[in-house]
Structures are given as structure tokens and as C-alpha cells.
Amino acid sequence: MISALSITGRRVLVSSLAAVACLVPLTAVPAAAAGAMPPPIRPEDEPAGDHLTVVVRHAGAGRDGTYEVFCHPDGGTHPDAAGACRALDSHARWGRDPFAPVDPDSLCTQLYGGPATARVTGSWAGRRVDATYDRGDGCEIGRWDRMVPLLPRLGPSAT
């Protein structure tokens, strides 16, 4: 059998059929199922400003609890939201994470600061935050203390 289409014509025909075949699955979805999945979150849908949730445990009466902190503008349920935001702003440096854990190669004093722990989650400066804190040695105590008043003041000067 002799084909009436040239090689170029066959390529165009095959490309056209392939394009149509790709569209078929898109039209095969029932209208009810099309809205079943929510659209992805866009950056403009994120809440304005910075928002953190701070959960403090084993720090003592009046210090334990869950607090919300909003910065830029300041607010939330934190007892000193404005101070917490100032502390965070003071540690904000380009290319440095203020919530970074202690470097595992650090030499730390074996000073125990008590059983207090904290977890900070949310968003700060456009980045997701999920940081944990404790007072297990001198480096961790220093890391905690740098975040006061976001985290409660503990130790000898915590009157």
C-alpha cells in the first residue's frame, strides 16, 4: 500500500494526535471531582507579618504555656510581644538563622540549666521556623538566653 502522506505530513499528524491524547485525561475528570482538591497556597495568601507559636514546658509557674507572637505589627498572647519582636529583630542578620541549633562541634561547659524546654514554630522573615530549646549545657543556656524575652528569663537573674 502506498501512503499518500509525506514523511513531514505523518510527523504533523502523529504530533497532533499525541497532543489531543494528552488533553483527554483533563476532560475525563467529572465536574464534581474537579473542585475536590484545594488550590496551592500562594505567598499572597499567607498572613501578613511574622507569626510564631512558643510552647514552654518545665520552666516553672507563670512561665509554662503556649503563646502566640505576631510581629510587624506586634501582638498576640505572649506576655511581652513587643519585647519578643525586638529580641528577634536584634538577632536578624542576612544569611544567618536566629533559630539555628548549636553547632555540634561547639565546645560547651557542662553546666546544667534545668529541665525547661521550648519549641518555637511558625514563620519569621518569610521562612518557616521549627526550633527546639533546652538548657542542657552552657551553649544551650546561651542560645536560650539570646531569645529572652521570646523565651522566659530563667536562672539566677530571673527574679
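The legends below describe close-up views of a predicted model.

**Conventions.** In this predicted model, local features need pLDDT of at least 70, side-chain atom pairs count only at pLDDT 80 or more, and totals for chains, interfaces and linings use all residues. Residues are numbered from 1 along each chain as its sequence is written, and side-chain values use heavy atoms, with hydrogens and water left out.

**View 1. Asp-137 at the start of helix H4.** Asp-137 belongs to the loop between strand E5 (127-134) and helix H4 (138-146). Helices (H or I, at least four residues) and strands (E, at least two) are DSSP runs, numbered from the N terminus. A side-chain oxygen of Asp-137 comes within 3.0 Å of the backbone nitrogen of Cys-139. Asp-137 is buried but has no salt bridge. Buried means under 20% relative accessible area, exposed over 50%, partly exposed in between (1.4 Å probe, protein chains only). A salt bridge needs a side-chain nitrogen of Lys or Arg within 4 Å of a carboxyl oxygen of Asp or Glu. For Asp-137, the nearest side chain of opposite charge is Arg-143, 9.2 Å away. Lys and Arg count as positive, Asp and Glu as negative; His and the chain ends are not counted. Neighbours within four places in sequence aside, Asp-137 is in contact (heavy atoms within 4.5 Å) with Cys-108, Thr-109 and Leu-111.

**View 2. Arg-143, with Glu-140 and Tyr-133.** Arg-143 and Glu-140 form a salt bridge, with the closest N and O atoms 3.6 Å apart. Both Arg-143 and Glu-140 are buried. They lie 3 residues apart in helix H4, so about one helical turn separates them. The charged end of Arg-143 also sits over the ring of Tyr-133, 3.9 Å from its centre. That label requires NZ of Lys or CZ of Arg within 6 Å of the ring centre and within 35 degrees of the ring normal.

**View 3. The buried side of H4.** The buried residues here are Cys-139, Glu-140, Ile-141, Arg-143 and Trp-144. They pack against strand E4 (117-124) and E5.

**View 4. Arg-135 and Asp-145.** This salt bridge has its closest N and O atoms 3.1 Å apart. Arg-135 lies in the loop between E5 and H4 and Asp-145 in helix H4, so the pair ties together parts 10 residues apart in sequence. Arg-135 is buried, at 3% relative accessibility. Asp-145 is partly exposed, at 36%.

**View 5. Arg-119 and Asp-130 across two strands.** The closest N and O atoms of this salt bridge are 2.7 Å apart. The pair links distant parts of the chain: Arg-119 is in strand E4, Asp-130 is in strand E5, and they are 11 residues apart. Arg-119 is partly exposed, with a relative accessible area of 42%. Asp-130 counts as exposed, at 52% relative accessibility. The structure holds 3 salt bridges.

**View 6. Helix H3 and its cover.** Helix H3 spans residues 81-90. Its buried residues are Ala-81, Gly-83, Ala-84, Cys-85, Ala-87 and Leu-88. The cover over them includes strand E1 (50-57), strand E2 (65-71), strand E3 (75-76) and E4.

**View 7. Arg-63 and Pro-152.** Arg-63 is placed in the loop between E1 and E2. Arg-63 is partly exposed, with a relative accessible area of 26%. The C-alpha atoms of Arg-63 and Pro-152 are 6.2 Å apart, although 89 residues separate the two along the chain.

Methods:
A polar contact is a pair of N or O atoms within 3.5 Å; within protein, one must be able to donate a hydrogen and the other to accept it, and residues adjacent in sequence count only if both atoms are side-chain atoms.
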